[in-house]
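Thanks, I will keep this brief.

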Amino acid sequence: MRSFRIPVVCLTTALSAASLGAQQRVAVPAARLEGLKREAIADVDSRAKFTQQMVDQIFSFGELGFQEVETSKFIVKILRDNGFTVEEGVAGIPTAWVATWGSGKPVIAIGSDIDGIPQASQKPAVACHAPLVPGAPGHGEGHNTGQPVNVTAVLAVKKIMEREKLPGTIKVWPGVAEEQLASKAYLVRAGVFKDVDVALFSHVSANLSTGWGPGGGSGLVSVMYSFEGQAAHAAGAPWRGRSALDAVELMNVGWNYRREHLRLQQRSHYVIPDGGDQPNVVPTTASVWYYFRELTYPQIKAMWAIGDSVAAGAAMMTGTKLVESRVLGSAWPQHFNKPIAEAMFANIKQVGLPKWSEADQTLAKAVQKEMGSREEGMPSRVDSTIAPEPEGRNMGGGSDDIGDVSWNVPTVTLRYPSNIPGLPGHHWSSAIASATPIAHKGATAGAKAMAATILDIVAKPALVDSAWSYFRKVQTKDVKYEPLMRPNERPATFLNTDILEKYRPQMRRFYYDPSRFGTYLEQLGIQYPTLRKSKDKCEETPAVP
Ligand SMILES: [Zn+2]
């Protein structure tokens, strides 16, 4: 490795090229890099108000997968105003976009999910069930905090890269419809990560952490089975009818028997989006939506094939027709990059956890009590586990379609402490902290670790090389990525349209207005924290503010 002064070097820094050739890759001396990281971390701190406003704004939109219209418009505007070029409607998904700034190598793609959970509407900071709009969706996982982490981090890093004239390209992108595992494989297929060197992902958690190797949890395929029968008067001429709902019910019965004889690591669950219209009409159409979760691509495919055979059997038994099944989403099991995770973990240790106030701890413990969890409050120590579980110990669990990205480019997920530990997840209780100082401080801590890690990647070409070496020689040595969705499948962008059509007018009344209110809690007139009124009553005045 030869060193020389590059012509564009600015006067305040001494930079050296780490490798030659067509790519101009610049290594920043270690001491100088540490100084730049400290500066980025201080800069993220100075943007805490901006981060808080983003967290609160996206929380107030509370949009479900594929309907993240306001959320995407809001983030895209911020990125455009800050010099990013934004391509919208990426991969045929109206709410997906890629915002690009900078030039040359390395190319870093920074993403986070943006969608919410059905029926999770909740007043922030109120430690019991108090929906803002009853029945409406909300951020019952805390996905409202991820883009604020990323955007804050990239703005701090961009400032330094501009001044130092550091080459590198930053791409910011959203995880659309993550709850349906329904967009990232399509982003991969559309080539969004084709020239990317490293993908960094952020996800809400109750601690500041990262990890490498198989991330635990499962991959999955999400399949809608639709049956077609024949209508008839359900009392007058039932023998002339063929019930599509019968096929759905028999498929579920068949699956529930069959799953006793599947691997213990599998997870499968279903809902019935169409069960017919009314009892006196034999249902012509009915459909059932399955998630089949397993630990590896071949195991997911095998499980899916069993699902197909059970569906075919149900159609045969009922004299109905199985209409071609549709893949609504898919996710490869996740696998994260060791060298990048180690670099991120060093930054995490430097950043440390936020200082939780007494009010933060009171809210956390009250919510834990409400949910029957251990009343441990917020964590006081950084999660120090970074190595994967020993092989054979993963018993499956949740999924994130960042898995698909992770098999195409070295990828790492940063988990940041914007939520309360010990909650059931996908539930209104996970929305309680999501627009409070817990979420705000956790997002700022996350943005610091993210900014420092982006700088590592920009400033250390050798880190990118070792990331790819791990990716090629270890991770993908015996595993080849193939998407789970079929070549003719398209993103299921129709999902959740009806729910947002129904609730958006009421939800709009609660959109956060930062020009009038410092915080969303201030706008809602909610005291921090607000505890349960009595044993039988959550709030004094449950009426909407
Ligand atoms: Zn998530």
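Accessible areas here come from the Shrake-Rupley method with a 1.4 Å probe. This is a predicted model, and the accessible surface of its chain comes to about 22,500 Å². Carbon and sulfur atoms account for 53% of that surface. As for the interior, 58% of the 545 residues are buried, where buried means under 20% relative accessible area.

Now the overall build. The chain has 14 helices and 14 strands. Its radius of gyration is 25 Å, close to the 24 Å that the globule rule gives for 545 residues, so the chain is as compact as a globular protein of that length. Along the principal axes, the C-alpha atoms fill a box of roughly 90 × 60 × 40 Å.

On contacts, take those between residues at least 6 apart in sequence: 81% of them join residues at least 24 apart. On charge, there are 58 positive and 53 negative charges, and their mean positions lie 5 Å apart.

Next, the covalent link. How many disulfides does the chain have? The count comes to one. Cys-128 is joined to Cys-538, with an S to S distance of 2.0 Å. The two cysteines sit in distant parts of the chain, 410 residues apart. Cys-128 is in the loop between strand 5 (107-113) and helix 4 (146-164), while Cys-538 belongs to the segment after helix 14 (520-524).

Is this disulfide right-handed or left-handed? The torsion about the S-S bond is about 80 degrees, so the disulfide is right-handed. Both ends fall under the 20% cut-off for buried: Cys-128 has a relative accessible area of 0%, and Cys-538 is at 13%.

Where is Met-251 found? It is in helix 6, residues 244-258. Met-251 is buried, with a relative accessible area of 0%.

Conventions
Residues are numbered from 1 along each chain as its sequence is written. This is a predicted model: local features need pLDDT of at least 70, side-chain atom pairs count only at pLDDT 80 or more; totals for chains, interfaces and linings use all residues. Side-chain values use heavy atoms; hydrogens and water are left out. Helices (H or I, at least four residues) and strands (E, at least two) are DSSP runs, numbered from the N terminus. The radius of gyration is taken over C-alpha atoms; the globule rule is 2.2 Å times the number of residues to the power 0.38. Buried means under 20% relative accessible area, exposed over 50%, partly exposed in between (1.4 Å probe, protein chains only). Contact means heavy atoms within 4.5 Å. Lys and Arg count as positive and Asp and Glu as negative; His and the chain ends are not counted. The place of a charge is taken as NZ of Lys, CZ of Arg, CG of Asp or CD of Glu. A disulfide is a pair of cysteine sulfur atoms within 2.5 Å.
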